[in-house]
Amino acid sequence: MNEFSRRNVLRGGLAATAAGAVVAGTGASAMAASRSASTAVDAAPCLPPPGPSRIGRGDPRYRSLASRGYNRRFEGDPEHVWVVGATEHVVRAVQEAVDSGRRVTVRSGGHGFEDFVADPAVEVVIDTSAMTAVSYDPGRRAFAVEAGALLGEVYRKLYLGWGVTVPAGWCPTVGAGGHVLGGGFGPLSRLLGLAVDHLYGVEVVVVDREGRARSVVATRERSDPNRDLWWAHTGGGGGSFGIVTRYWFRSPGARGDDPSGLLPAPPAGVLSFSVAWDWQKLDKASFARLVRNHGEWVERHSAPDSPYLGLYSELQLNRRPLGTIGLIGQVAADSGAQRLLDDHLTAINEGVPVQPVRTVKNQAWLAAALAGSPGDPGPVYRLKVKSGYLRRRLTDRQIEVLHHHLTRSDYDHPGGSLSLYTFGGKVNTVAPDATATPHRDTIMKMFYANGWEDPRDDARHLTWLRELYRELYADTGGVPAAADGAFINYPDNDLTDPAWNTGAPWHTLYYRDNYPRLQRIKAKWDPRDIFHHALSIRPA
């Protein structure tokens, strides 16, 4: 998910979704020695990796590297940026930062929504965008993915090389580095689980109590003494424990040495769809009926044995000035896809006096994965996002609040939206403490967003989104109920602010009962709190 995974900008506004957005602050890489031991898809695997290059303010490359984040609200100004190509480069860069007392962080795909990398206090940024290898490691019987590898390249190389995939985000330009650390969610997750449900191992550059930087490999093997570090990276968010330089993926229970059997195979084809309702033809009652129908369908069809697990959709509740309410998604099925989509739309539109306009496309799976979600104009907007999970549909009171804020006449900006993503299915077959991702009983994920261009309008647009969120959760202190929670890869610093949150603590919303364990792992592996930001794990 940054994992956002798409930004549909229409008529000057932003209708945003984010199945593939990421938390900036971590990544994945390979040691040079292991390159020759792996069967790589990359051309010329024996060439030395790029870097390390220390780019300061006087270098013409500096501006591109320092301002590579997606959210235009935040512009970094570090003393220098390291371009790294291998794990040993990261160790060197981290060690230099620790020895000089400089604040250090890392960027992979650059799709972070808050100021974790662009924080003015950050003095050193480690840029992993040159670390893009995707290979098969026969020694671990797992696929290695480096930090800067974009999801589109991960899908392409895994599928063309071995016919397999990882069920990660919809946006092909999101970096694997931070995306996986938040759980890794996308269009195939209802059918195949989260990306972390297939995570076998992780390589992390950590700093010990004496200030020594080193790389550590941690796997899910019960006998691995570093297993707790692997667990922390299955949903504990980025920028808390160290810098991930490489992931290994192998599905639990996979047997044998044939790589094609060690990760799931995607469907050969998918039915991609985009649906639009004319906002001007929807009154308050028909809007409520549409949203209620959608929620009731998701309640009925999010069990692990549902015949609709291959259907993924996002209901985009845009502001009325944008002109439409949208539904986008995919049906991952080699047969019967059109029937599943027809059933989905019939149920959502029951009793709604507006017939939507539908566009469908049958695509090979890889073509759809590389195309991503509809619309992606690039990093040109100032953004604010929020999130929430649902175990049941929105209440009628919440739907009324939504209608008010999406149609209110005292705010004319078309960019604000709330997207409702289908969730559950195979995701909910994993115990909440088996990984650091605890939200294993939810059926929907919610992504709130507003985007604009003029910095002079910041206060107005931030206030609209904050007021919508607070009023929607008025019964639980202005934030989601603790039992529902929020998604760390759509980070929201407001959750730490008592002016906007009088309900569940931010760490409960993101991690539920897993937070104390994450704190203990933080204290063990980052005792000096070298890696931190506004929403990082606090040491126990």
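Trp279 and Phe287 are both buried, a term that here denotes a relative accessible area under 20%, with exposed meaning over 50% and partly exposed the range in between (1.4 Å probe, protein chains only). This description rests on a predicted model, in which local features need pLDDT of at least 70 and side-chain atom pairs count only at pLDDT 80 or more, whereas totals for chains, interfaces and linings use all residues. Residues are numbered from 1 along each chain as its sequence is written, and side-chain values use heavy atoms, with hydrogens and water left out.

The ring centres of Trp279 and Phe287 lie 5.2 Å apart with the planes at 10°, so this pair is stacked. Rings of Phe, Tyr and Trp (its six-membered ring) are taken to pair if their centres lie within 6.5 Å; planes under 30 degrees apart count as stacked, over 60 as edge-to-face and the rest as tilted. Across the whole structure, 25 aromatic pairs are found. One of them joins Tyr155 and Trp365 in an edge-to-face arrangement, at 6.0 Å centre to centre and 65° between the planes. That pair links distant parts of the chain, since Tyr155 belongs to helix H4 (residues 151–162) and Trp365 to helix H10 (residues 365–371), 210 residues apart. Helices (H or I, at least four residues) and strands (E, at least two) are DSSP runs, numbered from the N terminus. Tyr155 and Trp365 are both buried.

Ring pairs also build a cluster, whose members are Phe113, Trp170, Phe185, Tyr312, Tyr389, Tyr421, Phe423, Phe447, Phe487 and Tyr490. Within this cluster, Phe487 has Lys445 over its face, at 3.4 Å from the ring centre. Lys386 is placed over the face of Tyr469, at 4.7 Å from the ring centre. A charge is said to sit over a ring if NZ of Lys or CZ of Arg is within 6 Å of the ring centre and within 35 degrees of the ring normal.

The sheets come next. Strands of a sheet pair through backbone hydrogen bonds, either parallel or antiparallel. Two strands are counted as paired if DSSP finds at least two bridges between them. Leu271 is found opposite Val331 of E15.

A second open sheet has 4 strands in the order E4-E5-E7-E6, with mixed pairing. Strand E4 (53–56) and strand E6 (104–107) stand at its edges with a single partner strand each, so one side of each is left without a neighbour in the sheet. Neighbouring strands here are turned by 25° against each other on average, direction ignored. Strand E5 (residues 80–83) pairs with strand E7 (residues 124–127) in the parallel sense over 4 bridges, and Val81 has Val125 in E7 as its bridge partner.

Strand E12 (residues 243–249) has 7 of its 7 residues buried, so it is largely enclosed by the rest of the structure. Strand E9 (residues 142–146) is joined to E12 by 4 bridges in an antiparallel run, with Phe143 opposite Phe249. Strand E10 (residues 199–207) likewise pairs with E12 in the antiparallel sense, over 6 bridges, and Val204 stands opposite Val244.

Two single residues complete the tour. His89, in helix H3 (residues 87–100), counts as buried because its relative accessible area is 10%. Setting aside residues up to four places away in sequence, His89 touches Pro49, Pro50, Gly51, Pro52 and Val84, where contact means heavy atoms within 4.5 Å. Asp497 lies in the loop between helix H12 (458–472) and helix H13 (506–511), and is partly exposed because its relative accessible area is 29%.

Notes
Axes fitted to C-alpha atoms, helices over the stretch in contact; angles between N-to-C directions.
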